[in-house]
Amino acid sequence: MSNMDQQNILQQLEQIQQEASAALASASTTEETRAWHSEYLGSKGRLTGILRSLGSLSPQERPLVGKRANEIKLALESALESRQATLELTELETARSKERVDVTLPGRPQTVGKIHPTTRVLREIYAIFGSMGFQIYDSPEVETDEYNFQFLNMPPGHPARDMWDTFYTTDPELLLRTHTSPGQVHAMRQYAPETIRVILPGKCFRYEPVSARSESMFYQVEGLAVGKNITFSDLKGVMTSFAEQLYGPGHAMRFRKSYFPFTEPSVEVDIACVLCNGKGCPICKYTGWLEILGAGMVHPHVLQAGGYDPAEYSGFAFGMGPERIAMLKYGIDDIRYFFSNDVRFLERIG
Ligand SMILES: [Zn+2]
């Protein structure tokens with residue numbers, strides 16, 4: 001090996017160092033620095049190539065060139081480390097600023113559910129009767145035979161029980177109530193001999209085939225007023241005011257005689273069909289009338305069961321189905337939608 005070779009290699013080393021330094025300074029991402037590393041310092045890199053070729057130098061030349069080559073290698077490695085540290089910091093900052101939450105941006109709209117039509121009608125009913133001084137009274141959904149039937153003038157074997165078949169519990173005395181009327185006796189027993197003005201909303205149950213018009217579970221709102229000198233005129237006045245507030249004023253109303261074991265006399269209350277205004281349509285079955293509730297004067301036996309002397313006290317009671325009211329109000333043709341839990345149903349209403 002000649003001196004020329006040694007000089008030549010030293011020159012190459014200096015050149016590589018200059019190029020490598022310039023390239024590193026212009027690397028703008030950590031990814032570029034990795035490419036830079038494989039170009040100069042990797043196993044197939046240019047500097048590594050030179051280090052490998054040192055074997056071709058004479059033993060006298062080798063130390064000088066080797067020393068210089070190692071100095072350059074160490075210098076480049078150290079420069080790479082510092083360049084990478086700087087770039088990593090910048091990249092972290094950029095990532096952070098991209099992820100920053102801009103609190104001035106408008107929020108994404110939330111999908112908000114709607115109030116269930118039964119709940120909506122119940123709230124309207126509460127507000128109307130609340131304005132007439134009626135309070136809400138909670139009573140149990142699981143009842144005894146006594147409260148569900150006997151106190152309401154339906155002793156065992158009474159034919160009216162056939163219309164109210166229900167679900168029984170493992171205790172033969174306990175059943176799911178078929179109507180909210182047993183709550184009347186609960187309220188009376190709690191308040192007697194005070195005067196009473198309450199509504200009793202809640203779920204009721206019937207063991208019967210489910211169809212578009214009847215469900216095994218549904219809501220009722222019972223109402224009860226007890227006091228001295230309460231007459232049928234009071235019942236008519238309260239029912240008329242209720243119908244006007246719920247359906248708007250000006251609807252013709254009629255009271256039809258009816259029968260319930262726990263009221264005497266009993267009536268069904270109709271209003272002129274809200275859809276055809278009495279002319280006749282499929283909803284009112286071409287009668288022009290819609291039945292909205294059942295009512296009557298509290299039967300003396302029921303007053304007695306509640307702890308009131310029928311010679312001194314009287315009262316009226318009424319019951320209605322919020323689902324039925326909602327069906328007429330929103331044009332719903334199948335009661336099974338109410339509990340089928342299909343969100344499209346809720347989206348469509350109101
Ligand atoms: Zn009609």
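Where is the place of Pro193?

Modeller: Pro193 is in the loop between helix 7 (182-191) and strand 4 (196-205); helices (H or I, at least four residues) and strands (E, at least two) are DSSP runs, numbered from the N terminus. The model is predicted, so local features need pLDDT of at least 70 and side-chain atom pairs count only at pLDDT 80 or more, while totals for chains, interfaces and linings use all residues. Residues are numbered from 1 along each chain as its sequence is written, and side-chain values use heavy atoms, leaving out hydrogens and water.

The peptide bond between Ala192 and Pro193 is cis, with omega about 5°. Another cis bond joins Glu264 and Pro265, where omega is about -5°. Pro193 sits in a loop, whereas Pro265 belongs to strand 7 (residues 263-272).

With a relative accessibility of 34%, Glu208 is partly exposed; buried means under 20% relative accessible area, exposed over 50%, and partly exposed in between (1.4 Å probe, protein chains only). From Glu208 to Met320 there are 112 residues in sequence and 19 Å in space, C-alpha to C-alpha.

Strand 5 (residues 217-227) pairs with strand 9 in the antiparallel sense over 7 bridges; two strands pair if DSSP finds at least two bridges between them. Strand 8 (residues 289-298) also pairs with strand 9, again in the antiparallel sense, over 4 bridges. Ala317 of strand 9 stands opposite Leu224, and Ala317 is also the bridge partner of Gly296. Strand 9 (residues 314-320) is mostly covered, with 6 of its 7 residues buried.

Two loops hold residues with positive phi. Asn229 lies in the loop between strand 5 and helix 8 (232-247), and its phi is about 65° although it is not a glycine. Asn229 is exposed, because its relative accessibility is 70%. Asn277, in the loop between strand 7 and strand 8, has a phi near 55° and is likewise not a glycine. At 52% relative accessibility, Asn277 also counts as exposed.

The cysteines Cys273 and Cys276 are buried: Cys273 has a relative accessible area of 0%, and Cys276 has 11%. The disulfide count is 0, a disulfide being a pair of cysteine sulfur atoms within 2.5 Å.

Now the helices. Helix 4 (residues 62-99) has 38 residues and spans 54 Å from its first C-alpha to its last, close to the expected 56 Å; the expected span is 1.5 Å times one less than the number of residues. Its buried residues include Val65, Gly66, Ala69, Ile72, Leu76, Leu80 and Leu87. An α-helix has 3.6 residues a turn, so residues three or four places apart point the same way.

The axes of helix 5 (residues 117-131) and helix 10 (residues 322-330) come within 9 Å and cross at roughly 105°. Therefore helix 5 is roughly perpendicular to helix 10. Axes are lines fitted to C-alpha atoms, for helices over the stretch in contact, with angles from 0 to 180 degrees between N-to-C directions; under 35 degrees is roughly parallel, over 145 roughly antiparallel, 65 to 115 roughly perpendicular, and the rest oblique.
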